[in-house]
Amino acid sequence: GTGLGHAPINAIDDWTKQHSLLLSLLKKMAEKMVVMMCTQCQYGRVDMHVYSTGRYLLQAGILNGEDMTPETAYLKLGWLLGNYPKKEAKELMCRNLVGELAQRTNIDTFLK
């Protein structure tokens, strides 16, 4: 994704008319497997509630990874799928199990 966790899913003109296809494909993927939007920024975070694009992705079943890196999400998902049924693993992906999700980004962290 880009920015706060968006993907090109809005069809607004002839140049972007194929974008709605991406949303439908993501929705089909999320019905069959765990799909999560993550950040690649060391101190960045995904917030899919800010803009409508993110909310559409959430409605399609994409999970909000908040400040979890793709590498962390991959390892966490592998462990969860090895130990829990898929439905429970999907629910646990969004929970802070061992400190992999920051409770809140604190500005003091950056000032030290």
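Trainee: Which residues does Thr53 touch, not counting residues up to four places away in sequence?

Mentor: Before we look, note that this is a predicted model: local features need pLDDT of at least 70, side-chain atom pairs count only at pLDDT 80 or more, and totals for chains, interfaces and linings use all residues. Residues are numbered from 1 along each chain as its sequence is written, and side-chain values use heavy atoms, with hydrogens and water left out. A contact means heavy atoms within 4.5 Å. With residues up to four places away set aside, Thr53 touches His6, Ala7, Ile9 and Asn10.

Trainee: Is Thr53 buried or exposed?

Mentor: Find Thr53 in helix H2, residues 52-59; helices (H or I, at least four residues) and strands (E, at least two) are DSSP runs, numbered from the N terminus. Buried means under 20% relative accessible area, exposed over 50%, and partly exposed in between (1.4 Å probe, protein chains only). The relative accessible area of Thr53 is 10%, so this residue counts as buried.

Trainee: Let's turn to His6. How far is its C-alpha atom from that of Tyr51?

Mentor: His6 sits in the segment before helix H1 (19-32) and is buried, at a relative accessible area of 13%. Beyond its neighbours up to four places away, His6 touches Gly1, Met37, Tyr51, Thr53, Gly54 and Leu57. Although His6 and Tyr51 are 45 residues apart along the chain, their C-alpha atoms are separated by 8.6 Å.

Trainee: Which residue pairs with Arg45 in a salt bridge?

Mentor: Side chains of opposite charge can pair when their charged atoms come close. A salt bridge is a side-chain nitrogen of Lys or Arg within 4 Å of a carboxyl oxygen of Asp or Glu, and the count here is two. Arg45, partly exposed at 28% relative accessible area, lies in the loop between strand E1 (36-37) and H2, 21 residues from its partner. At 3.7 Å, N to O, that partner is Glu66.

Trainee: What is the N to O distance in the salt bridge of Lys76 and Glu100?

Mentor: This pair also links distant parts of the chain: Lys76 is in helix H3, and Glu100 is in the loop between H4 and helix H5 (107-111), 24 residues apart. Both Lys76 and Glu100 are buried. Their N to O distance is 2.5 Å.

Trainee: How far from Asp67 is the nearest side chain of opposite charge?

Mentor: Lys and Arg count as positive and Asp and Glu as negative, while His and the chain ends are not counted. Asp67 lies in the loop between strand E2 (63-64) and H3, and its contacts include Arg45 and Glu100. Asp67 is buried yet has no salt bridge, and the nearest side chain of opposite charge, Arg45, is at 4.3 Å.

Trainee: In what order do the elements of the protein chain run?

Mentor: The chain has 112 residues, and 32% of them count as buried. Its secondary structure comes to five helices and two strands. From the N terminus on, the order is α-β-α-β-α-α-α.
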